[in-house]
Structure formats: C-alpha cells, structure tokens
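Q: I have the sequence and the model open, and I would like to learn how to read them feature by feature. Could you walk me through it?

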Amino acid sequence: MTGAERIGVSARGAAAQSVCSACGSAKFRVRFTSTDRLYGTTNTRFEIVECLQCGLTRLSPRPSVEELGRYYPSNYWFDPGESTAGRLEEIYRRLVLRDHVGFVKDALRRTQAKGPLLDVGCGGGLFPGMLRRRGFRALGLDLSAEAAALALRNHGVPAVAGELGAAPIAPESCAAITMFHVLEHVPRPQAYLAAANRLLKPDGRLIVQVPNAACWQFALLGPAWNGVDAPRHLHLFRDTDLQRMLETSGFEVLRRKYFSLRDNPAGLATSLAPWLDPMARRVRRVRESGGARLLKDLVYFSLLVAALPLTIAEAAFRAGSTVMFEARKRER
Ligand SMILES: [Zn+2]
C-alpha cells in the first residue's frame, strides 16, 4: 500500500474536509484510491488517506451528507420477508449473531447500571430482538424510519429514526449502548462517542465494533479488503485508533475481541469475490435463475467456510478483521 506522499489540501475538496477528525492535523499521505466495488452506486474514485500525525486512515475529501445519501442503497438493511430463502437467512443470521449477544450479555451482567440497552444502527432489529427474547430491555435507533418500523413489527423492539445526538432519550438513562459497524460510517465519530457517553448511566457500558484496519486481511489484500467499503466507510480504524478515541471520549476500555463469526469469515469471502456477496447481489438486483442463485450462494458459503482458519488465526494474533470493544463510562 504505497501512495504518493502529499501534504495539505486534497484536489477534490475544501481544506476543512481534509483535516483528521481525531487529531486535527491537515497533513496526510494518499494510500490508494477506491470506488464502490460492492454495490456499484458510483464510479467516482475516492482517496483513502493516512493522517501523518496520528495514523488514522480516512476517506478524503469527505462527501457531503447529501452525496453520502446516494451511496446507501434503499434496501440496505435486512428484511427476511415471507420467502423460504428469507427465513433460512434469518436462521443463519441468528446463529452467527450469538457471538455478539454473548459479548453484550457479559457486559450487562458486570455493570451496576440499570436501564435499557440502546442499539444504535439497529437496522431491521434482529439483534435487539434477540436480547429482548433473553429478557433484556432493548431499544433501537436507526437513520432509516423504515428500518425502525421493521424493528418494532418483526421483533417487538421500540425503535426511533434519527441521529444519536438528537435521539429522544433522556441523558444518563441507558445501562448499555451498542454500535455494531456504525462508527466507520459517521462523519464525526467522536461526536457519536460523546453522545453515547451522555446517554449512559454511570458505570454504563458501550459496546462498539468496527472493521480493524490493523488486520492481516488489509495487509494482504490492500484496497480489495472489504473493510475499505468506499465511499461508505469514512474512517478505517485500527484497534489502537479506536482505543485512543474511546479514552479521549470519557471511556475506559475493559475488553477487546477480534473474532466475529458473523463478520470475519464473510468479510474475507466478500473481499475475494464481491460479485458473490448475497447482499451485494440483492442490492444490485442481479437477475439470476433459482438454480444460479443457489449455486452462487453455495460457492459463497464454501468460500466463507474455507476462510475460517485464516480468520481464526489472525484473531488469535489480535489482528482480526473486526474488533469489538467493551468500554465503561468513566467517572467524571
Ligand atoms: Zn490524525
């Protein structure tokens, strides 16, 4: 991953946009350029740059909110619908989400804080629904009103649409907040962490998962690593970047987990064969016969199974392709 070293303002954008959101430095080097490989919403190429001061990698210049909206397909969340394939997929999703559920249950058991859990970026509500079925109070928040409505309808999870900073939730009311694959999508991750800090009770827990740019997959595959996901991923955090950001946002990191059964093997399969990714085929509305669909699903699933040993090994070396943190709200 070499790139021409350049300092200062990027060709496409204003100076304000090329400042590092973690440390404020305007000095960066371009690592590579990338476009929307997965969903094909645009052919524009985006620069992925590394801050020369703190090392955080980001998309630069950052697209405006209006522009970003165009890069999110309308069916970005999962709705199983009524079909057999949809039901099978939901069974699979429940199975691989048990990792997440276990991690969060452990965090909830250890905190003294009492109150609901808020899942930020809840999508169709499967995850908070699984917690609810296990006896926990869970709420959802998503930018999409349609997704929030699905969370209530399909999983009985009260959910609202909106930004975390403007959510109609009382300060210091939540025992826990979860953010799975949210922070890499938001323009100002520190503002999100600060908002989460305000909503948490003392000793409340924040559980946050992001792709880990300090993983073997990124080192091996470079721009083809699916964690890049330009232009939707505005920051590519290394585990150390996120740790620092959590600490400067009023949190104490308690645990890190580098393996996710849902994300790591599927991520490698998608990096190697993005055209087989089931979500990408759905989003791109690829026309395929029932037989072709089944064959592609089987090949993708075989790749995913073949990816398991490498993804387990990299996680064992604390270089997994995702990282999940449990952080405790620090006393002020
Ligand atoms: Zn920086």
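Q: With which residue does Asp 106 form a salt bridge, and how far apart are the closest N and O atoms?

A: Side chains of opposite charge can pair when their charged atoms come close. A salt bridge here is a side-chain nitrogen of Lys or Arg within 4 Å of a carboxyl oxygen of Asp or Glu. In this structure Asp 106 pairs with Arg 109, and their closest N and O atoms are 2.9 Å apart. Both residues belong to helix α3 (residues 98–110), where they sit three residues apart, about one turn of the helix. Helices (H or I, at least four residues) and strands (E, at least two) are DSSP runs, numbered from the N terminus.

Q: Before we go on, what kind of model is this, and how are residues numbered?

A: This is a predicted model, in which local features need pLDDT of at least 70 and side-chain atom pairs count only at pLDDT 80 or more, while totals for chains, interfaces and linings use all residues. Residues are numbered from 1 along each chain as its sequence is written, and side-chain values use heavy atoms, with hydrogens and water left out.

Q: How many salt bridges does a search of the whole structure find?

A: The search finds 22. One of them joins Arg 238 and Asp 241, with 2.7 Å from N to O; Arg 238 is partly exposed at 26%, and Asp 241 is buried at 5%. Another joins Asp 263 and Arg 262 at 2.9 Å. In that pair, Asp 263 counts as buried with 16%, while Arg 262 is partly exposed with 28%. Salt bridges can also share partners, and one network formed in this way includes Asp 106, Arg 109, Glu 252 and Arg 328.

Q: Let's turn to the metal. Which protein atoms are donors of the zinc ion?

A: Donors are N, O and S atoms within 2.8 Å of the metal (3.2 Å for Na, K and Ca); water is not among the atoms, so sites may look incomplete. Here the donors are the SG atoms of Cys 20, Cys 23, Cys 51 and Cys 54, lying 2.3 Å from the zinc ion. Along the chain they follow the spacing C-x2-C-x27-C-x2-C. Cys 23 and Cys 54 link distant parts of the chain: Cys 23 is in the loop between β1 (5–7) and β2 (27–34), and Cys 54, 31 residues apart from it, is in the loop between β3 (46–51) and β4 (57–60). Cys 23 is partly exposed at 30%, and Cys 54 is buried at 15%.

Q: Why is the arrangement around the zinc ion tetrahedral?

A: Four donors count as tetrahedral if all angles lie between 85 and 135 degrees. The angles between the donor atoms here are 99 to 116°, so the arrangement is tetrahedral.

Q: Which strands does β3 pair with?

A: Strands of a sheet pair through backbone hydrogen bonds, either parallel or antiparallel. The criterion used is that two strands pair if DSSP finds at least two bridges between them. β3 is antiparallel to β2, with six bridges, and antiparallel to β4, with four bridges. Val 49 is the bridge partner of Val 30, and Val 49 also stands opposite Arg 58 in β4. The hairpin of β3 and β4 has five residues between the strands, and Gly 55 in the turn has a positive phi of about 90°. Six of the six residues of β3 are buried.

Q: What is the strand order in the open sheet of seven strands?

A: The order is β7-β6-β5-β8-β9-β12-β11, with mixed pairing. β7 (159–161) and β11 (251–257) stand at the edges with a single partner strand each, so one side of each has no neighbour in the sheet. Three bridges join β6 (residues 138–142) to β7 in parallel, and Gly 140 stands opposite Ala 159 in β7.

Definitions and conventions: Tetrahedral: all angles 85-135°; square planar, octahedral: opposite > 155°, others 65-115°. Buried < 20%, exposed > 50% of the residue type's maximum accessible area, 1.4 Å probe, protein only.
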